[in-house]
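Hi everyone, thanks for coming.

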Amino acid sequence: MEAIVEEIVTVEDLKRFEQIYNSELARGKVSGRAKFNYAWCLIRSRYTNDLRRGVCLLEELLNESSLQVQRDCLFYLGVGYYKLKDYTRALKYVHGIQQIEPNNTQARDLEQLIKKKMNRDGLMGMAIVGGAVLAVGGLVGAGIALSKK
């Protein structure tokens, strides 16, 4: 699963699918396939703005697609929000897949990865806050000691 969320799109693929998407957009009607392929490339980008754009396209597509495309959109929305570090939304979309397909192993693996990352980030956050409290406490203690002299 980590290979999927860490995969980076090639510049060539991104340009190719962006060109197809923009060409159809210029004609006034973008096919679901073109929108999905472009969003899929954007989700695999290393740039935050591309990730956000990909998530927006997938959310649009989610409401106008067949059940199979919805499942794929839900999965890549989970991946996109994971990469954007919005773990709550990522879990929401993973749970959406699990409602459609309760035994989906990809969804289960992605859920475990998200929860692992949430725990790790949560523990790191607590360590940072704890370190800051200790530092402030040390400064206050030093200030009191100096004022008594």
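In which sense, left-handed or right-handed, does H4 pass H5? H4 passes H5 in a left-handed crossing; left-handed is the word if the near helix is turned anticlockwise from the far one by less than a right angle, and right-handed if clockwise.

Before going on, some background. This is a predicted model, where local features need pLDDT of at least 70 and side-chain atom pairs count only at pLDDT 80 or more, while totals for chains, interfaces and linings use all residues. Residues are numbered from 1 along each chain as its sequence is written, and side-chain values use heavy atoms, with hydrogens and water left out. Helices are DSSP runs (H or I, at least four residues), numbered from the N terminus.

Back to our pair. The axes of H4, residues 48–62, and H5 come within 9 Å and cross at roughly 155°. Axes here are lines fitted to C-alpha atoms, for helices over the stretch in contact, with angles from 0 to 180 degrees between N-to-C directions. That makes H4 roughly antiparallel to H5 (over 145 degrees; under 35 is roughly parallel, 65 to 115 roughly perpendicular, and the rest oblique). On the H4 side, the contact (heavy atoms within 4.5 Å) includes Leu51, Val55 and Leu58. By class, this contact has 11 nonpolar, two polar and two charged residues. Nonpolar covers Ala, Val, Leu, Ile, Met, Phe, Trp, Tyr, Cys and Pro; charged covers Asp, Glu, Lys and Arg; the others, Gly among them, are polar.

H5 has another partner in H6, residues 87–100: their axes come within 7 Å and cross at roughly 155°. H5 and H6 are therefore roughly antiparallel to each other, and their crossing is left-handed.

What about H3, residues 32–43? Its axis and that of H5 come within 10 Å and cross at roughly 25°, so H3 and H5 are roughly parallel to each other. Phe36, Trp40 and Ile43 make the contact from the H3 side.

Finally, the pocket. A pocket is an open set of points on a 1 Å grid over the protein atoms alone, where a 1.4 Å probe fits, with protein on both sides within 12 Å along at least five of seven lines; lining residues have an atom within 4 Å of a point. The largest pocket has a lining that includes Tyr82, Lys83 and Arg120. H7 gives the largest share of that lining, four residues. By class, the lining residues are five nonpolar, no polar and seven charged.

Methods:
Helix = DSSP H or I, 4+ residues; strand = E, 2+ residues; numbered from the N terminus.
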